[in-house]
Amino acid sequence: MNYKQIILSLLVLTAISCKEQNKYLYRIEGRQISINDSLQSNTEIEAFIKPFREHIEKDLDSVLAFAVDTYSKSDGYLNTAIGNFMADAVYEQANPVFKSRTGKDIDLVILNHGGIRSIISKGNITSRTAFQLMPFENSLVVVALKRSQIDSLINFLVQNKTAHPISKLKLSVDENFNIVSATIKGNILDTNKTYYVATNDYLFNGGNNMTFFKPNEGLYNLDYKIRNVLIDYFKKVDTINPVIDDRFIQIK
Amino acid sequence: MNRRDFVQQASIGTALISLGGIGLSSFTSSTASKKITILHTNDVHSHIDPFGPEDGRNANKGGIARRASLIESIRQENPNTLLLDAGDIFQGTPYFNYYGGELEFKLMSMLKYDAATIGNHDFDNGISGLYAQLPHAKFDFLSANYDFSNTDLNTHVKPYKIFEKDHIKIGVFGIGIELKGLVDPFLYKETKYLNPIEITQDMTRILKQEEQCDLIICLSHLGYQYKNETNKISDLTLATATKDIDLIIGGHTHTFLRKPTIVKNFEDKNMLVNQVGCYGINLGKIDFYFDSEKNKTANGTSIIV
């Protein structure tokens, strides 16, 4: 093979090789494979997860407080012990945060009855209890509202006839659901005052048809998850013993 | 292709390699037929542990450690494998509530995920919550129709990525669902949602014409189908309105399909839409076979599902 022949054969090979691009899609096969106990677990992955799992299990089951009784959102008419507990816990935990940031106090708290996702059982309260009560990631916000919007909030509660959790707002209605009295922190409503209402981001955005948060005079995002409010509150107190009280009642 | 054809082609390929071995091995690096395997999950929702034996619906199913073994064995069989996720990695078990997605991303990195798109629940701890976990992910987040330029995620999410496996160029792009009304605006902040069809048309033009990809995959969190909301864009409507996509890997609707759906695209060509339910209960596996001879594709690509 002389020099020219080598070059020629290289060129031919180049031509053949470059053509051989293998790029024509001619067949597709699709299926799905079930992940089940017939597959062996990868031990490295399993070992990596283990300390995380153990920490969570231990933490979820650690006792934070004690419940004197079993509390359910279905026990009560216009206010419930469990709802009162949640709204009061929100006030107690949120107000110092809000005050330190703004110098102002929260005037009232409103949550939604549907947002109480489980009961609190008599006996030990753990982090798991807080996860069951509030499985969602919703956070606290404080909304500045004019008197007219507070009226809408109160009208919503009256027309809804539901025990939405409230704190610092006291409301009584007659047998026809006409408002008999409405006070905030013991005072009658002031036409010129701006009220600071704590709620969660879901309700602020119109969840549960609570449309009275808009328009508003300002919004403060506390970056404080409702679940963490509950956990922090449980850690702070030894025992919870909430009751159905007179914060929203019908006078017959 | 039957086994005999395959063996014959394989030996031709081998012959070419040995000839090329004289000095041009760079051009002849492969056998006659190439296989690209695409593995995929969607809506795993922090389901790291398998469901327990007592679970009412999914007893003993799922589990990332099992998924890892399966993926490992598939990769051993075919190293030219991509592993993709179609979003909603976050939210569903206390692992997310406690660690904010750190464990999910670390484990997906250990499983060598290549890319994921962003689902609506991946915003559950806000843009900042997702951003904070990004250092734990050794894979790329792809989204072409979320404009993050006024958020922390700016430059951290790419519209598409091109992977090369065995000289096959695979273009993968991400498409997300409209966030308004689905996710709290506090969480997604100034993320702008762009029209999925228009963006997909841009993506396929870039990936097919400019980048000359051999395979185009859309990682979508749009949802498989909306029977009662015909105006709402889904994977099936996206598939029929666009061209040049070979596979849409879907999520969001937690749709369990008996098998991948064959859909006719805008050019009346067959392509696949797939989704594998949720919670890591299933792994999708789509194999693409390429050949050097065009005559095999004369009658169109055969799809076996």
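**View 1. Six strands of chain B line up in an open sheet.** In this predicted model, the strands of the chain B sheet follow the order E6-E7-E9-E10-E12-E11, with mixed pairing. E6 and E11 (261-264) of chain B are the edge strands, each pairing on one side only. Going from strand to neighbouring strand, the average turn is 25°, direction ignored. Helix H7 (residues 196-210) of chain B packs on this sheet and touches E6, E7 and E9 (215-220) of chain B. The direction of H7 makes about 165° with that of E7(B).

View 2. Strand E6 (residues 160-165) and strand E7 (residues 168-175) of chain B pair in the antiparallel sense, over six bridges.

**View 3. The largest nonpolar core counts 80 residues.** Which residues touch the most other members of this core? They are B:Leu84, B:Val172, B:Ile217, B:Leu219 and B:Leu247. Leaving out residues up to four places away in sequence, B:Leu247 touches B:Ile38, B:Ile217, B:Met271, B:Leu272, B:Asn274 and B:Ile286.

**View 4. Helix H2 of chain A meets helix H4 of chain B.** The axes of H2 (residues 43-61) of chain A and H4 (residues 102-110) of chain B come within 11 Å and cross at roughly 170°. The two helices, H2(A) and H4(B), are therefore roughly antiparallel to each other, since angles over 145 degrees count as such. On the H2(A) side the contact is made by A:Ile45, A:Phe48 and A:Phe52, and on the H4(B) side by B:Leu103, B:Leu107 and B:Met110. Sorted by class, the contact of H2(A) with H4(B) has six nonpolar residues, no polar ones and no charged ones.

View 5. To find the spot, look in the loop between helix H6 (201-204) and strand E11 (218-225) of chain A, where A:Pro215 lies.

**View 6. B:Asp244 and B:His254 have positive phi values.** B:Asp244 is not a glycine, yet its phi is positive, at about 70°. You will find B:Asp244 in the loop between helix H8 (235-241) and strand E10 (247-249) of chain B. Is B:Asp244 buried or exposed? B:Asp244 counts as buried because it has 20 C-beta neighbours inside 10 Å. B:His254, also a residue other than glycine, has a positive phi near 50°. B:His254 belongs to the loop between E10 and E11 of chain B. With 17 C-beta neighbours inside 10 Å, B:His254 counts as partly exposed.

How values were computed. Residues are numbered from 1 along each chain as its sequence is written. Chains are lettered from A and ligands numbered from 1 in the order in which they are written. This is a predicted model: local features need pLDDT of at least 70, side-chain atom pairs count only at pLDDT 80 or more; totals for chains, interfaces and linings use all residues. Two strands pair if DSSP finds at least two bridges between them. Helices (H or I, at least four residues) and strands (E, at least two) are DSSP runs, numbered from the N terminus. A nonpolar core is a set of buried Ala, Val, Leu, Ile, Met, Phe, Trp, Tyr and Cys residues joined through C-beta atoms within 7 Å. A residue is buried if 20 or more other C-beta atoms lie within 10 Å of its own, exposed if 12 or fewer, and partly exposed in between; C-beta atoms are placed from the backbone. Two residues are in contact if their C-beta atoms, placed from the backbone, lie within 7 Å. Axes are lines fitted to C-alpha atoms, for helices over the stretch in contact, and angles run from 0 to 180 degrees between N-to-C directions. Angles under 35 degrees count as roughly parallel, over 145 as roughly antiparallel, 65 to 115 as roughly perpendicular and the rest as oblique. Ala, Val, Leu, Ile, Met, Phe, Trp, Tyr, Cys and Pro count as nonpolar, Asp, Glu, Lys and Arg as charged, and the others, Gly among them, as polar.
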